[in-house]
Amino acid sequence: MNRIDLTRFPTINLLLRSRWPQFLIRAITLAGFVFTILAGLFGPVVGSHNFAIIFVWIAWWSALKLFFIPFGGRSWCSICPIPMPGEWMQQRGVFSPTGKGFGLGKRWPKKLRGNWLQAGGFLLIGLFGAVTLTSAKVTAIILFSIIALAFILSLIFERRSFCNYLCPIGGFTGLYAQASPVEVRVKEKQICAEHSEKTCYTACPWGQYPLALKSSADCGLCMECLRVCPSDNIMVNLRPWGSDLGQKAKHNLGDVFLGLVMLASVLVDSAVFLGTWGQLKSAAYEVGSLPWLIFAGVFLIISLGVLPGLYSAAIWGAVRVGSAKTTFRKTLSKYGQVLVPLGLMSWIAFTVSFAFVKFSYVLPVISDPFGWGWNLIGMSGTASIGQSTSWSGWIQILLLVIGLFWSSKVTQQISESKKQALPIVAFSGLFTVSMLWLLIG
Amino acid sequence: MKKEVFARILIVLFIGMVILIFVLGWQKNRNQQTNTIQIHARMPENGGWSITSIAAETNQPINLRLTSDDVVHGFAVGKSDQPTVELIPGEFVETTLLFDEPGTYTYYCTRWCGPNHWRMRGTIEVQGEMAAATNPPPLYLQLGIDIDAPHEAKVTPREPVSPQKGASFAEDLPAYVFEQETYLANSPASVWSRLRAEPDLSALNDGDIWNVVGWIWRENTSPTAIKSGESLYAENCAACHGETGEGDGVMVRDLPIPEAEAHDMYDSHSESSTAGLTRPHDLTDPDHLLGASPALLAGKIIRGGMGTGMPYWGPIFTSQQIDALVSYLHTFVW
């Protein structure tokens, strides 16, 4: 099945099985989180010199899309500090559970399950993005609100309810983790079937049962199941990219909605941040003003109207061509996975277009995080806007073409015929052309 | 359990370290600044200079720590030789000012940061044992020139003026031509009319008289003054008046073109809502410029206003700089 089980390598096995490496990284990211909030609140008001802006929106946001997701799926979730304080309370231990903890441990309301709230959160980020991405104070306040909300929710609800149902980044990462080359699975299904205690399910902060894992979307790669399994029946696999996508993939409408929201967001972000339309930029920035309301309206129409409309039209075409008896609604869900490679590659292309240009801001803000004239690593005052090189444009074109090709391949895999795949491929093609126009011009 | 305790200690330690770095840094930063005045530059729409008045004493250094919170600004002190300090957003730059004469100095922004750029000004009140030097009032006040009145030239040259040719008539000219007062207090057009009325010069044609006037204007300035005027103009005036003086600078391109000679006091005051909302007059228009005396132009520069958005430059330019500017302005029409 062309998988490489990483736990077979003794060193990797030790690193994954021991709680220390992960704990240490999370302790550092937690401290970094606190530091970022302080820098955001008290650092310079000029975005390019504020640690919070540069670190969150340039360094971390780029690393997430260029490194964590494409090479590790939800690997960021495994070291994210946000659920840490809440879990400390829930489990009465920051390192490992030590008995009955605090919190009501309620189950998340059924009506609020799925990706809908995460997609909504992502839309909100988009609507206020121009302010969030440029104001360090707003960034700090949002970071603090997120960790506070996660903490409060973990006292009310069980496990990582915030991560599972609310965190927009969780939704983003989970969606594209389906295309990633990492997965946690059980080795022998029989062993699990015979094991009555389900220690892995009890330990899983994500509420997953490894035996039932079909997709990497909901697994946060925390390795707790690996640690508690008495039969050593969990493996961590390297697998080909896109393994979760295909005929067997389970999909629901929430995934489709999330996928479409992500497509709309990358379009609008590209237009606002990379486009040359000054009026659009100021409209996105003037939150509450009339131009902003228009911008927000157009954004919502694109993400809730135009894109879902075009997608539905493509599905309608596919249903008409198809022979098998299937409902429109089922087909709508089934083709949702096409949006995964399409969106992932577009986000990567979008990131490539600015990450290298803006990376030169990262070292200076580490050198002088509060803007007090420090020079910790001798790099203060060296910030300069990098040059957008010509190969960056070619890489973006290549990435978008790969995205189109990949999503077309997935479309064909799950379609009965080439004819049926055509409307969906046309949708992907139209989206790719729009991205090409926005990124390359 | 030991592991758990150790883990908790680590968490507290890491977060404690981060907070400690922040608190110690904060204090160190504050202590450093006791002798320093920190000024944040912001576009006037965002609040302008964070400090707009500084009290100082002669020969006592003023330590400034400057930064910009939005766009690139410049910090300079008018009528002094303190070099301009460039303020890059988010970066701090330190400078020390020293004044040996008491008086009121104006600091201002030197970068075209926005439509209200020129409003970015602040004052330094320097006290000292010496009495503040009192300068004579500018010439336009001494002569009682109304700088708001229209000053259309009654005559203008029909051909290009050649000061070179004008120089050849120098021997025939009346004595008042060589007095600086004549140049300063009269417009080229009125000097021309006066010379035209001289019976001794009746042999000269109209064009030659204009050549003489051009020569007089050239004699009252120097290439270095014009050069200095040119760079002052480019830095401070061109954004509104345009690089070539046509009144089409980037800052005013959206504004309506003024009606011919609309310097009518009553008009501009009765419609104060439109004050400052027209483009400046075309300085290359001979009708307009040849009717203005150097004293009048200097007055406009010093006082500003005229019912337009023209800033006042009196506290910023030295009188030499203003003279240089005025002589440069006349090169637009010669």
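**Group meeting: a predicted two-chain model**

Good morning. The C-alpha centres of domain 1 of chain A and domain 2 of chain A lie 22 Å apart. The domain assignment places domain 1 of chain A at residues 20-170 and domain 2 at residues 261-439.

How many residues of each domain are in contact? Domain 1 of chain A contributes 25 residues, and domain 2 of chain A contributes 26. On the domain 1 side, four helices of chain A supply at least two residues each: H2 (19-42), H3 (51-72), H6 (116-127) and H7 (129-132). The largest share on that side belongs to H3(A), with nine residues.

Let me now turn to chain A as a whole. Its secondary structure consists of 21 helices and three strands. The radius of gyration of chain A is 22 Å, close to the 22 Å given by the globule rule for 441 residues, so chain A is as compact as a globular protein of that length. Along the principal axes, the C-alpha atoms of chain A fill a box of roughly 65 × 60 × 40 Å. Of its 441 residues, 46% count as buried. If we take the contacts in chain A between residues at least 6 apart in sequence, 77% of them join residues at least 24 apart.

Helix H18 of chain A covers residues 339-358, and its 20 residues reach 28 Å from the first C-alpha to the last, close to the 28 Å expected at 1.5 Å a residue. Where does H18(A) bend? The bend is at Val352(A), and its angle is about 30 degrees. Because 16 of the 20 residues of H18(A) are buried, this helix is largely enclosed by the rest of the structure.

I move on to chain B, in which there are 12 helices and eight strands. The radius of gyration of chain B is 27 Å, well over the 20 Å that the globule rule gives for 334 residues, and chain B is therefore more spread out than a compact globule. Its C-alpha atoms fill a box of roughly 115 × 50 × 40 Å along the principal axes. Of the 334 residues of chain B, 33% count as buried. Among its contacts with a separation of 6 or more, 72% come from residues 24 or more positions apart.

Chain B also has two assigned domains, domain 1 at 36-127 and domain 2 at 139-330. Their centres, taken over C-alpha atoms, are separated by 31 Å. Each of these two domains of chain B gives eight residues to the contact between them. On the domain 1 side of that contact, four residues are nonpolar, three are polar and one is charged.

Pro150(B) sits in the loop between helix H2 (139-142) and helix H3 (163-167) of chain B.

Finally, I come to the contact between the two chains, which takes 18 residues from chain B and 23 residues from chain A. The chain B side comprises 10 nonpolar, three polar and five charged residues. Thank you for your attention.

Technical notes: Residues numbered from 1 in each chain as written. Chains lettered and ligands numbered in written order. Predicted model: local features only at pLDDT ≥ 70, side-chain atom pairs only at ≥ 80, totals over all residues. Rg over C-alpha atoms; globule rule 2.2 N^0.38 Å. Buried ≥ 20, exposed ≤ 12 C-beta atoms within 10 Å, placed from the backbone. Contact = placed C-beta atoms within 7 Å. Domains from an automatic or database assignment. Nonpolar A, V, L, I, M, F, W, Y, C, P; charged D, E, K, R; others polar. Expected span 1.5 Å × (residues − 1). Bend = angle between axes of the 7 residues up to and from the residue.
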